[in-house]
Amino acid sequence: MRQPLSATPSRTSSADPVTPDPAQTTLPPQVSPPTFSLTTEPLTAAAGPVLVALPVLPADGAEAPAVGPGAADVADQLGLDLLAVLEAHRATGRAGEVTTHPVPDHDRVTAVLLVGVGDTGDDALRRAGAALGRATKDRDLVASSVASVAGDSGLHAFVIGLTLGSFEFHWRSSGPVAQPVRRVLLAGAPDRQPTVDAAVAVAAAGWRARALAATPSNLKSPAWLADRAVEVAQASGLACTVWDEKRLTKEGFGGILAVGRASATPPRLIRLDYRPRRARGHVVLVGKGITFDTGGLSIKPGEAMVNMKRDMTGGAVVIATMGALAELGCPVRVTGLVAAAENAIGGDAYRPGDVVRHFGGRTTEVTNTDAEGRVVLADALAYAVQELSPDALVDVATLTGAMKVALGLRTGGLFADHDVLATALEEAGRASGERLWRMPLNADYEEKLASKVADADNAPGGPGAITAALFLQHFTGDVPWAHLDIASVGDAPEDRDEWTAGPTGFGVRALLHWLSGADPLAGLR
Ligand code: BES
Ligand code: MN
Ligand code: ZN
């Protein structure tokens with residue numbers, strides 16, 4: 001039986017991380033993303049064994065598909081008629097198509113990969129990168145001129161696609177472990193190095209968010225998540241503060257405490273601080289960090305619970321985004337907050353009918369314990385407004401299943417009470433390949449939030465994604481606020497382009513695109 005909240009439970013301090021299942025503390029061999037370097041040498045000159053990847057441009061009118069930069073060297077060195085090869089394989093140049101042409105007799109080059117680049121736009125290059133990543137699993141080296149058909153944004157998209165498309169994570173004890181290609185040699189001059197470095201930082205952040213979300217909840221407690229945040233902070237020079245349940249109690253974070261109280265692994269609030277010199281304003285990011293969502297006493301059916309280890313995806317997105325800001329030279333101060341709790345079941349669980357008091361004093365009647373995300377986010381949003389007075393506030397959460405019905409599984413929901421902020425995020429989503437669709441914060445549904453005994457009801461009925469957003473809005477004060485409901489896109493049902501089946505880390509790329517721009521807060525200060 002769990003102790004009351006006022007007592008000091010035995011496994012609590014973040015210095016003594018909770019190890020929920022001691023038999024499983026050994027982590028599997030880590031799968032790492034590929035490394036990238038640039039070369040101005042011909043690709044066939046790379047020390048082998050090497051796969052050489054060339055871009056294929058689609059047929060344009062009467063013209064047949066064509067092989068792009070690097071073709072002459074390959075034709076010359078390997079004695080290949082590439083147009084004949086294209087024709088033999090019926091390559092079309094469609095983005096995402098990869099044709100592998102083995103080269104049996106060469107001492108270094110083992111195959112030529114012909115990679116479709118479509119219209120050579122960023123989306124096409126990202127897709128081409130992902131396809132090449134999949135086609136080169138378990139290889140040591142690929143030398144590629146694929147992105148040479150594009151400018152810097154295409155190269156950036158290509159590197160991200162290649163990295164994320166080869167994401168792997170598992171704990172199988174035997175059988176083949178598919179590793180991403182170890183090294184990628186990119187055709188290009190040294191002046192493209194900053195573009196490659198920035199893309200690698202974004203891709204690594206996406207990779208990290210996926211890995212955190214993929215970790216099962218017998219390993220992943222709130223304290224475990226806090227420890228990962230501390231690691232990220234140390235690696236990227238951020239300050240990190242973790243509230244344990246004692247401090248949460250003392251400071252009145254009633255929502256986080258209520259949701260987390262039935263769990264053997266108590267809740268945490270995690271704060272990461274990025275403070276550049278001469279910051280041009282202040283953004284706060286808030287992530288939902290539910291390390292497992294059983295639904296609580298309003299329990300989920302088994303089927304609906306299966307992927308709920310990933311209900312901390314918003315928190316993972318915030319942690320991973322924070323870790324890349326310094327490397328990307330983000331010009332604004334950014335504070336990341338993750339409200340981390342396990343929504344578990346037990347004699348001490350919060351109940352339907354309970355009234356919780358959030359940080360700052362607003363109260364909520366809990367009519368459904370499965371609407372826990374908004375209950376923990378409310379505390380963190382109120383803390384952000386009261387203690388940090390930011391210029392903009394953005395939360396990221398796998399908040400409502402209704403989002404899947406509204407938008408399907410490829411588009412994230414965006415709610416905002418400020419048009420400039422909404423437009424900036426929409427544009428960042430479009431450019432980075434994480435599409436967001438703006439949803440209405442329709443005040444007509446406001447009356448549904450009414451409760452007889454508290455300031456609001458946590459489960460006021462449909463339209464579910466909208467009423468959830470309206471619930472959150474009450475905690476955002478006068479600060480321009482956007483809410484990303486990523487329940488529709490946190491999980492990919494299958495491998496597709498840069499998404500791999502399982503967690504997507506959705507939000508990292510859009511947020512980093514926004515925050516690494518020249519002035520993310522233009523029109524918002
Ligand atoms: N974590 C879920 C939302 C979710 C569902 C995320 C499916 C990813 C995939 C959230 O906590 C939840 O249970 N929401 C309820 C709210 C309802 C009880 C008002 C929902 O959407 O059904
Ligand atoms: Mn829930
Ligand atoms: Zn949830």
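User: Which residue in E13 is the bridge partner of Val356?

Analyst: In this predicted model, Val356 has Thr364 in E13 as its bridge partner.

User: What makes E12 and E13 a pair of strands?

Analyst: Two strands pair if there are at least two bridges between them. E12 and E13 are joined by three bridges, so they meet the condition. They run antiparallel.

User: Why are E12 and E17 called edge strands?

Analyst: The open sheet has three strands in the order E12-E13-E17, with mixed pairing. Strand E12 (355-357) and strand E17 (456-457) each have a single partner strand, so one side of each is left without a neighbour in the sheet.

User: Why is the site of the manganese ion (ligand 2) called irregular?

Analyst: The ion is coordinated by Asp293 (OD), Asp370 (O), Asp370 (OD) and Glu372 (OE), at 2.1 to 2.2 Å. Its site has six donor atoms, with angles of 71 to 167° among them. Six donors count as octahedral if opposite donors are over 155 degrees apart and all others between 65 and 115; anything else is irregular.

User: Which residue coordinates both the manganese ion (ligand 2) and the zinc ion (ligand 3)?

Analyst: Asp293 coordinates both ions, which are 3.2 Å apart. Asp293 lies in strand E10 (residues 282-293), and Glu372 in the loop between strand E13 (363-365) and helix H11 (373-388), 79 residues apart.

User: How do you know whether Asp293, Glu372 and Glu342 are buried or exposed?

Analyst: Buried means under 20% relative accessible area. Asp293 has 2% and Glu372 has 1%. Glu342, in strand E11 (residues 333-343), has 19%. Each value is under 20%, so Asp293, Glu372 and Glu342 are called buried.

User: What makes the pair Glu342 and Thr265 a polar contact?

Analyst: The cut-off for a pair of N or O atoms is 3.5 Å. The side chains of Glu342 and Thr265 make their polar contact at 3.4 Å, which is within that limit.

User: Why is Asp391 called partly exposed?

Analyst: Partly exposed covers the range between the buried limit of 20% and the exposed limit of 50%. Asp391, in the loop between H11 and strand E14 (392-397), has a relative accessible area of 22%, so it is partly exposed. A polar atom of the Asp391 side chain lies 2.7 Å from the backbone nitrogen of His282.

Definitions and conventions:
Residues numbered from 1 in each chain as written. Chains lettered and ligands numbered in written order. Predicted model: local features only at pLDDT ≥ 70, side-chain atom pairs only at ≥ 80, totals over all residues. Heavy atoms only, no water. Donors = N, O, S within 2.8 Å, 3.2 Å for Na, K, Ca; no water. Tetrahedral: all angles 85-135°; square planar, octahedral: opposite > 155°, others 65-115°. Helix = DSSP H or I, 4+ residues; strand = E, 2+ residues; numbered from the N terminus. Buried < 20%, exposed > 50% of the residue type's maximum accessible area, 1.4 Å probe, protein only. Polar contact = N/O pair within 3.5 Å; in protein donor to acceptor, adjacent residues only side chain to side chain.
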